[in-house]
Amino acid sequence: FGFNAGSELTSGAVAGAVVANTQIASVVAATTWLILDATRNTVPSIVTVVNGGIAGLAGVTPAAGYIPVQAAAVLGLVLGVGSYYSILLLRDRLHIDDALDVSSVHGLPGLIGALAIGFASKATVNPVAAPDALFFGGDASLLGEQALACVVVLVYSAMVAAGIALAVRRTVWAHNTIHGLDILDHSMRATSEDLQLPSEASPLLGVNGAEHQ
């Protein structure tokens, strides 16, 4: 709330709309995860709700100051469903090792939220910066601009990530990564050896130790 609403640097109607949109989208996304995980695993976990809420917060952040509250609720639903099934796709089907499911809980929701501006932006929410988008009688120009911005950010992020990975590969030995950089480089443990995670936790959440082997 401080990041989203605080970005206005003033109090007023836009800041109030940002607070409401942030709350609504995160709650709807968290509830969506709760329902989906309950239908899939019978007993959902509190971590499920937290992950869903984070996905909602990440996704609504780009659009919070431009869309009406009704659109924020719909956006929360889309963010919840999209991020939940994205984890199933990346981890269970494609077997991609994504630490903390950042791509699904932060990356994809951020893209969806950015594109949502081109669909659901409304001038009455933010008269200075928000023209009416497609769903409110506007044209597709704003959606095109948002899509282009998403592509630019994806390309930039991929280039920077590749550069960092190359630098790490050239400076960190494989032996060190296997045995742990925390011990070999810093002479201390990043996690407790006694930490035992519950085996009954939902596999989707990534908190079951077996799922990360």
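This is a predicted model: local features need pLDDT of at least 70, side-chain atom pairs count only at pLDDT 80 or more; totals for chains, interfaces and linings use all residues.
Q: Is the crossing in which α3 passes α5 left-handed or right-handed?
A: Helices here are DSSP runs of H or I with at least four residues (strands: E, at least two), numbered from the N terminus. A crossing is left-handed if the near helix is turned anticlockwise from the far one by less than a right angle, and right-handed if clockwise. By that rule, the way α3 passes α5 is right-handed.

Q: How are α3 and α5 oriented to each other?
A: The axes (lines fitted to C-alpha atoms over the stretch in contact, with angles from 0 to 180 degrees between N-to-C directions) of α3 and α5 (residues 102–120) come within 7 Å and cross at roughly 40°. Under 35 degrees counts as roughly parallel, over 145 as roughly antiparallel, 65 to 115 as roughly perpendicular and the rest as oblique. The two helices are therefore oblique.

Q: How many charged residues are in the contact of α3 with α5?
A: With contact meaning heavy atoms within 4.5 Å, N51, I54, A55, A58 and G59 in α3 meet V105, H106, P109, G110 and G113 in α5. Ala, Val, Leu, Ile, Met, Phe, Trp, Tyr, Cys and Pro count as nonpolar, Asp, Glu, Lys and Arg as charged, and the others, Gly among them, as polar. The division is 5 nonpolar, 5 polar and, for charged, none.

Q: How many nonpolar residues are in the contact of α2 with α4?
A: The axes of α2 and α4 (residues 69–93) come within 7 Å and cross at roughly 40°. That makes α2 oblique to α4, and the crossing is right-handed. The contact holds 3 charged and 6 polar residues, and its nonpolar residues number 16.

Q: Which residue's backbone nitrogen does the side chain of S45 reach?
A: S45 lies in the loop between α2 (13–41) and α3 (46–60). S45 has a relative accessible area of 18%, and so counts as buried (under 20%; exposed is over 50%, partly exposed in between, with a 1.4 Å probe and protein chains only). At 3.1 Å, the S45 side chain reaches the backbone nitrogen of V47.

Q: What percentage of the protein's residues count as buried?
A: The protein has 8 helices and 0 strands. Of its 213 residues, the buried share is 35%.

Technical notes. Residues are numbered from 1 along each chain as its sequence is written. Side-chain values use heavy atoms; hydrogens and water are left out. A polar contact is a pair of N or O atoms within 3.5 Å; within protein, one must be able to donate a hydrogen and the other to accept it, and residues adjacent in sequence count only if both atoms are side-chain atoms.
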